[in-house]
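Please keep the sequence and the coordinates in view while reading.

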Amino acid sequence: MTPTDIASLLDDRPADGIFRIERRAFQDPDVFDLEMRHVFEANWVFLGLDSQAPKPHDYITTWLGRAPVLVSRGADGQLRCFINSCRHKRSTLAHLPSGNARVHTCRYHGWVFDSSGANKLIKSREEGAYSESFEHSDRDLEPIAKFENYRGMLFGSLNPDAPSLDSYLGDAKAVLDLVLDQSPQGIELIPGVVRYTFEANWKFQLENCSDSYHFTSTHPSFLRLAEQRARSAKETGDIKTVWHNNKPWESAEARLGTFSFEHGHSLLWSSQVNVDTHPLFGQLPELTERVGQVRAKWILSTRNFTIFPSLQIAENAASQIRVMRPLSATRTEMITYCFAPIDEKPEARAQRIRQYEDFFNPSGLATPDDTVIYEDCQQGYAAPTPRWQLGYMRGIAATSDRSNSYARELDIDPVASVDGPVNLYDETLMHTTYRAWHRQLVQGAQHDGALREKDAA
Ligand code: FES
Ligand SMILES: [Fe+2]
């Protein structure tokens, strides 16, 4: 695809109330290749939590675009991040998702690297008749270009020219703070990562996190279960309120809103709080004392949050961190975890895990609904016409530039804010995401074209 083809994937005309994406964006291998190189490998990408590797020599493995990476805590206690690939012939070095290892030994020819990435041993080195230049070459694991820690959340980038993590996150940091302030010690992952794949483009998952419109039509089995529980709880008097409770939000009715941030990040929030079954509700007095009434209210709100391109933090029926790993234009791997405040009370933790099982995972009542729909959409996009779809138009007339009164409560200035009744089901928060995506793809395609011309000259 030429830079002109790439530019034509988005039809963005705010003055005419039009925002459309071309169907090829979800299918074309050229688009996927550009996404890998100019989105996933050029931006900051979430790698994990520092609480996943608390002790010296602890490590986790993950992916940064197409690159396997190893996050390892050295003997000195410092976390570092390397390309998870041996310097000899590039074999992947660490194979488990996490572990503790003073050294990593390559299973091909046996080179050894310590937990700080230093090459410590080359098998049969003395007999190897190596050249002088080999002896002076850098044989240590290759550090990634940038690696930073935001309050225990680890991000990396393969792009030496990436802006600072602080400026990349921008005002979206305020939403991360709502996640991280749930206990004085921050958050941790509950053991038990779940990985699954679906045969569809990664952007269906990207969109779905922010898509409140699908909930009632895609997840009827979950809703029926919630209603049934509500009925029986009412009969037994176990639970006083189950859905649509205005506490601790003081508004007269539940609201739904969105904030769009720079660099493609987005937040969908709702003031619907199921206070009696929220695992944090028992801690509300302490929470309010620590963070104040307004922030406590926001922490208890229902939120679906995306840090572009690959991190989603869902705090709705339960609390989930999920990472998207695109494998091809039509295949995606999801890496998902339940997370919880550190030092949570055992009853609240048990409740959180039960709620998580209800809704998430391939065995839950919601995740399979969504992944089947992504595959349905992928099939629908295979039809050669129509060129555009109408999936980004709800809420356009309700969008206010920059902040609104809800944003001001959090002291943030998003690029756009929407506030409305719960069934407004705003779709406009994908605009900031696709504008960032489009800008990076167009610039990337132009950059590649300029390089090709230079090579040909
Ligand atoms: S590839 Fe690792 S030692 Fe040869
Ligand atoms: Fe869903």
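Helices (H or I, at least four residues) and strands (E, at least two) are DSSP runs, numbered from the N terminus. In these terms, Ile 412 belongs to the loop between helix 13 (405-409) and strand 22 (416-421). This is a predicted model, in which local features need pLDDT of at least 70 and side-chain atom pairs count only at pLDDT 80 or more, while totals for chains, interfaces and linings use all residues. Residues are numbered from 1 along each chain as its sequence is written, chains are lettered from A and ligands numbered from 1 in the order in which they are written, and side-chain values use heavy atoms, with hydrogens and water left out.

Burial is judged by relative accessible area (buried means under 20%, exposed over 50%, partly exposed in between, with a 1.4 Å probe and protein chains only). Ile 412 counts as buried because its relative accessibility is 6%. Between Ile 412 and Arg 290 there are 122 residues of sequence separation and a C-alpha to C-alpha distance of 20 Å.

**The iron site**

Donors are taken as N, O and S atoms within 2.8 Å of the metal (3.2 Å for Na, K and Ca), and since water is not among the atoms, sites may look incomplete. For the iron ion (ligand 2), the protein supplies His 214 (NE2), His 219 (NE2) and two OD atoms of Asp 370, at 2.1 to 2.4 Å. The donor residues follow the spacing H-x4-H-x150-D in sequence. His 214, in the loop between helix 6 (202-208) and helix 7 (215-218), and Asp 370, in helix 12 (residues 367-381), are 156 residues apart, and the pair thus links distant parts of the chain.

Four donors count as tetrahedral if all angles lie between 85 and 135 degrees; four count as square planar and six as octahedral if opposite donors are over 155 degrees apart and all others between 65 and 115; anything else is irregular. The arrangement around the iron ion (ligand 2) is irregular because its four donor atoms subtend angles of 56 to 144 degrees.

**Strand pairing**

Two strands are said to pair if DSSP finds at least two bridges between them.

| Strand | Partner | Bridges |
|---|---|---|
| Strand 18 (residues 311-315) | Strand 19 | Five bridges |
| Strand 19 | Strand 20 (residues 331-341) | Eight bridges |
| Strand 4 (residues 58-64) | Strand 5 (residues 67-73) | Six bridges |
| Strand 5 | Strand 6 | Five bridges |
| Strand 3 | Strand 12 (residues 153-157) | Four bridges |

Strand 19 (residues 319-328) is mostly covered, with eight of its ten residues buried. Strand 19 forms a hairpin with strand 18, with three residues between them, and another hairpin, through two residues, joins strand 19 to strand 20. Within these pairs, Ile 313 has Ile 321 of strand 19 as its bridge partner, and Gln 320 stands opposite Cys 338 in strand 20.

An open sheet of four strands, paired antiparallel, has the order 6-5-4-7. Its edges are strand 6 (79-83) and strand 7 (98-100), each of which pairs on one side only. Strand 6 is largely enclosed by the rest of the structure, because five of its five residues are buried. In this sheet Trp 63 stands opposite Pro 68 in strand 5, and Val 69 faces Ile 83 in strand 6. The hairpin of strand 5 and strand 6 has five residues between the strands, and there Gly 77 takes a positive phi near 85 degrees.

A further open sheet contains three strands in the order 3-12-11, again with antiparallel pairing. Strand 3 (45-49) and strand 11 (146-150) stand at its edges with a single partner strand each, so one side of each has no neighbour in the sheet. Phe 46 stands opposite Phe 155 in strand 12.

**The cavity**

A cavity is a set of points, on a 1 Å grid over the protein atoms alone, where a 1.4 Å probe fits but cannot get out, and its lining residues have an atom within 4 Å of a point. One cavity of 30 Å³ or more is counted, and the largest cavity holds about 70 Å³ of space. Its lining includes Phe 40, Trp 63, Val 323 and Ile 335. Strand 4 and strand 19 each supply at least two lining residues, with strand 19 giving the most, four residues.

Methods: On a 1 Å grid over the protein atoms alone, a cavity is a set of points where a 1.4 Å probe fits but cannot get out, and a pocket is an open set with protein on both sides within 12 Å along at least five of seven lines; lining residues have an atom within 4 Å of a point. Grid points are joined across faces, edges and corners, and a volume is the space filled by probe spheres set on the points.
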